[in-house]
Amino acid sequence: MKKLLLSLLAVFAATTVSAQVALKPLSAMPKTAPDKQARSVEKMNIVQNVPLPKADGDLPAEPVTTRPEGRSVAYHLTGATLYNSTDGGMTFTASQVTNTDIGMEAVYEDDGQTVWLRNATMSTYPDIWIKGTLADGGKRILVEPGQMLGYQQGYTGEGETVILDVRLYATNYKSTNDGATSLTSINPEPIPYVIDGDEIRLDLPEDGTTAIGGVMTQSSDDGTIAAYYSPTNSAYAIAFDRQEMQKTMLPAGLNMQDYIVSYTNDIYGDYNLTAKMGIDGQDIYLSGIFLGIEDKGVGVKGTFDGEKAVFPAKQLLTMYEGYWFYMQPCVQTTVDGQPKLERTDALTFTYDKETGTFSSDETVSIWNDIGGGLTVDGLLSSPTLSPLEAVRRAGRVENYQLSAATGYTYDGENGYSTFEVNPYVGMEIVYSNDGQTVWMKNIAPAPSANADVWTKGTLADGGKRILVKPGQMVGGSALLFAMTYKTEDGKVWPDQVVTDDIPYVIDGDEIRLDLPADGTMSVGALLISDGTTYVSDPGMFGTTFKRMGWDRITPPEGLQTEDYTMTYGDGFGGEGELGVQVGIDGQDIYIGGLYENYASTIFANPENIWIKGTFDGEKAVFQPGQLLFLMMYWYYMQPWTPVEEGGQTYYQSIDELTFAYDAATRTYSTDDILGANVHNSFNTGMYFPYVAPKLTPAQSVGVNAVKAEPEGEAVKTEYFTLSGMKISKPQRGIYIKTVTYADGTRRSVKVAVK
C-alpha cells in the first residue's frame with residue numbers, strides 16, 4: 001500500500017501528490033455558532049451606543065451567497081484606499097490597494113432597477129452579494145445600509161464572548177490632534193456608487209471623512225440594530241473597470257444532454273466526471289467539465305459546424321474569495337527538460353458523427369492571472385465527451401440496491417464507531433461493449449458523495465471482478481479512496497489512505513466490496529480544503545449490492561420524437577407546464593424530459609428522464625415500477641388516482657396509468673396522477689406529482705415533429721445527429737433529415753449517408 005497527501009492550490013479540486021497524509025475528521029472542525037460560520041475572535045472597542053434604524057426595503061436577513069438571476073458584468077479593481085486598524089478600532093491608518101487581481105461582479109435584474117454587487121466593498125467577506133437600486137437614470141447605484149455580510153465573534157465590555165452580525169454601513173471619521181484618524185459615528189445613509197461608462201466608483205468624499213465597512217452589530221428587541229463595534233477595515237475610495245472577459249449564462253429552455261467526460265491526469269492516470277452539453281443552432285454550450293466550479297447556470301459558449309466544436313479561451317466561470325477564475329485551454333510542452341503549459345486561444349473538440357462523442361488533444365485548466373499568473377490544480381488532458389444515453393444503449397445496464405453495509409461515523413473525542421447502513425441505497429452499472437469498461441453510479445453511497453456522479457472501473461479475472469481506481473471525484477471536492485484504520489487506547493482512528501485499486505467481486509446477481517469485512521479498511525470520501533485532506537466521509541465496509549428487478553428506460557437509438565407541452569396540476573392547487581418529448585416506435589411509446597423540473601433542484605446535472613408504455617392508437621398505457629432517477633435511493637414511476645371519502649380527497653396507487661388519445665388534436669390526457677415513489681422502507685408515498693397531465697403538441701415544434709400533411713414546396717432541409725445536434729453538411733453516418741415546407745410543416749426521416 002502507498003500513502004499520499006492530496007493538496008490544493010484553491011478549494012476546487014485536487015491533483016497534487018506528496019508523501020504523507022494528515023487525516024482530520026471534518027466533523028471535528030470547530031463551529032462557533034449554529035448555522036452561522038463566524039470569523040475569528042477579535043476584541044473590539046465600543047464606538048456608538050445609539051441604535052440605528054433597520055434598513056429600509058425588502059433586504060435579506062442572512063448573508064446572500066447564491067448568485068442572483070440577471071445579466072452579469074465582470075469588473076476588476078483599478079485602485080482603492082482602505083482604513084486599517086491595529087488597536088481594536090481606536091485609530092485607523094490609510095493604505096493604497098493597487099492589486100488588480102481583485103474582481104467584482106455586478107448582476108442587473110430584469111426589472112431594470114435592482115443591481116447586486118459581489119466584492120464591491122473591499123471587506124473580509126468577498127463572496128457575499130449586496131443589493132442596490134439604480135438611480136439618476138441608471139448613472140448611480142444606491143446600496144441600502146445594514147445588509148448582512150457575515151458573523152463575527154467579539155467580546156462585550158464584561159469580557160463575554162458573543163456572536164455578532166456584521167452589517168454594511170458607511171462610517172464617519174475625523175483627524176485627532178496628534179494626526180491620527182479615529183472613527184466617530186455610524187452613518188445610516190445609502191451608500192452611493194457612480195456608473196461612468198465602463199467604470200464603477202464608490203461615490204464618497206475623497207478626504208476620507210466617510211468610508212464603508214463591516215460594522216459589528218446586535219439586533220434589539222424594539223426592532224432596531226445597535227452598532228457597538230468598529231469595523232476591522234473600511235474603504236473610502238474604490239474604482240473598478242469592466243473586464244473584456246465575459247461570463248456565459250446558459251439560455252433558458254436549452255436542452256442540455258448528459259455526457260461522461262473521460263480525461264487523463266498526469267498523476268493518477270485516466271479519470272472521468274459528468275457534464276452537460278447543449279446545441280442551439282451553431283452555438284454550443286458546455287457546463288460541468290470544469291470540476292463543478294462554475295456558478296449555477298453558467299457554462300462556456302462555442303461554435304459547432306457539425307465537425308468541430310470550438311470554445312474560445314478566457315471565459316469566466318466564477319469568483320472565489322474576490323478572484324476571478326476562467327477556462328484556459330493549453331498544450332503541455334517541455335522547456336529545458338521541465339514540463340510547461342502553453343496557453344492556446346481556444347479549446348477544440350473533434351466530433352465523431354457515428355458515436356456522437358467529442359474529443360480533444362488539448363488540456364483544460366482553470367486559471368486566475370488578471371494581474372499575475374496563478375494556475376489552479378485540476379488539469380484535464382485529452383478530454384473525451386461521450387453521450388450518457390449512447391453509453392447506456394451501447395452497453396448492458398444493471399440496477400442494484402444495497403443489501404448490507406457497515407459504516408463508520410465520527411464520535412468526537414471517542415474516535416470512530418460503526419453503524420448499520422440502510423440497505424435500500426441504490427447503484428447503477430453499465431457494462432460497456434468493449435468487454436472491459438464498467439461505469440458505476442453511486443459506487444460510494446455516503447452522505448458526502450453525490451449520487452449523480454459516475455466512476456469508472458475495469459473488468460478483471462475473466463469478468464468476475466471490477467477494479468476501481470481511487471481518487472475519482474464523487475461530489476464537489478470529495479474524492480473516492482480506501483482507508484485503513486488502527487486502534488489506539490481502545491479508540492479507532494483512520495491510519496492510511498490506500499492508492500491501490502478498489503476491488504469488487506461479481507457473484508451472480510450480487511456485487512460485493514472485496515476488502516476485509518472486519519472494519520480494518522473502508523471505502524469513503526476525502527475532502528480537500530485549503531491544502532488539507534479531511535475525512536469527509538469515514539466510509540463503509542462489508543458493502544454488498546443485489547440486483548433489482550426493475551429497469552431504467554433508455555429510448556432506442558434513432559427514436560423520432562416530437563416536442564409536446566405537458567400541463568398539469570402541482571398537487572397544491574397550482575398549475576404547471578413542462579416541455580417533454582413524445583416518441584413512438586411500433587406499439588411502444590416513450591415520454592422524455594419528465595421530472596427535470598424536480599431533478600434540477602436535486603442534481604447539478606439532471607438526466608433526461610423517460611417512461612415507456614404501449615400505444616394502440618386510442619390510448620397509451622404505462623406500467624408502474626419504471627426507475628426514474630437515483631438520488632441515494634431509487635425513485636420509480638407510480639401512478640395514483642384521487643379518491644373522495646368523508647369529504648376529503650385521498651390518493652390511491654393504481655396498477656397502470658392510462659392516457660386517452662385524441663387523434664384530431666394529437667393530445668394525450670388523463671384524470672389520474674403521474675407520480676413517483678421512493679424505493680426504501682421509510683419514505684413511502686406520492687412524490688413529484690403531475691395531477692391530471694395533458695400533453696399537447698408544442699407551438700414551436702421540435703427537430704422531429706411531424707404534421708399530418710404538408711402543403712406547398714419544401715423551403716428548407718436540415719440534418720441532425722441522432723442526439724439532436726444540427727450539422728451543416730452530413731458526412732458518413734446516420735442522421736435525421738428534416739424538411740420544412742411552405743406551410744410550416746416539418747417532416748423528419750432517418751437517412752444513412754455513405
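**View 1. The second largest cavity takes up about 80 Å³.** A cavity here is a set of points on a 1 Å grid over the protein atoms alone where a 1.4 Å probe fits but cannot get out; points are joined across faces, edges and corners, and the volume is the space filled by probe spheres set on them. This is a predicted model, where local features need pLDDT of at least 70 and side-chain atom pairs count only at pLDDT 80 or more, while totals for chains, interfaces and linings use all residues. Residues are numbered from 1 along each chain as its sequence is written, and side-chain values use heavy atoms, leaving out hydrogens and water. Lining residues, with an atom within 4 Å of a point, include Glu389, Arg552, Trp610 and Leu628.

**View 2. Glycine 508 sits in a loop.** Look between strand E42 (502-507) and strand E43 (510-513). Glycine 508 counts as exposed because its relative accessibility is 59%, and exposed means over 50% (1.4 Å probe, protein chains only). Lysine 464 is 44 residues away in sequence, yet the C-alpha atoms of glycine 508 and lysine 464 are 9.2 Å apart.

**View 3. Leucine 594 meets residues from elsewhere in the sequence.** Skip its neighbours within four places, and leucine 594 still has contacts (heavy atoms within 4.5 Å) with Met566, Leu578, Val580, Ile609, Ile611, Leu674 and Tyr690.

Key: 1 Å grid on protein atoms, 1.4 Å probe; cavity = no way out; pocket = protein on both sides within 12 Å on 5 of 7 lines; lining within 4 Å. Helix = DSSP H or I, 4+ residues; strand = E, 2+ residues; numbered from the N terminus. Buried < 20%, exposed > 50% of the residue type's maximum accessible area, 1.4 Å probe, protein only.
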